[in-house]
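This report looks at one helix and at the aromatic side chains of a single model. The sequence and structure come first, and the description follows.

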Amino acid sequence: MAMTRRAKLVVIALVAAAAVAVQPTILASQVDRCRPTFTEAVTAKGVLWVANGASSPAVDWINLEAEDGTVDPGQDPDLPTWLEVQELPESAVERRIGTIALGWPVRWSFCQWVATDTEHFFPPFAENEEPCQSLRRAMREWGRSADGASVRSWMSIPGALVCWLTIAAPMVLTVVLVATFTRQSAGKSGSAP
């Protein structure tokens, strides 16, 4: 017995949801393909940061370490829109923020570590960092902190929805086109009364 179009669409919705749900596992297996992407000084929220970045398929890592002094807060940061830069107290001994983001075709799952003293070694000091090692460690320690640094993880529901639609839309289109083609073929092959 053939499935109804509604049943096919439900199956597609479930398959697409499962594909989004397993993205973290699949993308974690790709971190060996990491490459450093940049090392530069950037400004965000009136603070000068030394920034390192790394990327593997659909996964990005950015490590920021605040430098002494402030800059013109009117400057636009040259950072991705998904990066949330927390305001850290200037009195903190250290101000480091490491963020990993994953998802395809848009980043939808995030984890961020914040270090405010020299007791915390992750995220690493920017001048000593090997960005790909940090990306690999961030994937391994998602949501945890080995040395007590502040850590939080979150999801972007709109980003996850975009990923789901990107996976589901071609399958839905295929089901609709096949059903249309099948109906047209059945109509043409019928015998005249």
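This is a predicted model: local features need pLDDT of at least 70, side-chain atom pairs count only at pLDDT 80 or more; totals for chains, interfaces and linings use all residues.

## Aromatic pairs

Trp-154 also takes part in an aromatic pair with Phe-110, which is stacked, with 5.3 Å from centre to centre and 20° between the planes. Because Phe-110 belongs to strand E5 (residues 109-115) and Trp-154 to strand E6 (residues 150-155), the pair ties together parts that are 44 residues apart in sequence. Phe-110 and Trp-154 are both buried.

The count of aromatic pairs in the model comes to five. One aromatic cluster is formed by Trp-61, Trp-113 and Phe-122.

## Helix H1

Helix H1, covering residues 5-21, has 17 residues and reaches 24 Å from its first C-alpha to its last, which is close to the 24 Å expected at 1.5 Å a residue. Within H1, the residues Ile-12, Ala-16 and Val-20 are buried. These three cover an arc of only 70° around the axis, and therefore lie on the same side of H1. An α-helix has 3.6 residues a turn, so residues three or four places apart point the same way.

On the face of H1 turned away from its buried side are the exposed residues Leu-14 and Ala-21.

Methods: Residues are numbered from 1 along each chain as its sequence is written. Side-chain values use heavy atoms; hydrogens and water are left out. Helices (H or I, at least four residues) and strands (E, at least two) are DSSP runs, numbered from the N terminus. The expected span of a helix is 1.5 Å times one less than its number of residues. Buried means under 20% relative accessible area, exposed over 50%, partly exposed in between (1.4 Å probe, protein chains only). The arc is that of the directions from the helix axis to the C-beta atoms. Rings of Phe, Tyr and Trp (its six-membered ring) pair if their centres lie within 6.5 Å; planes under 30 degrees apart count as stacked, over 60 as edge-to-face and the rest as tilted.
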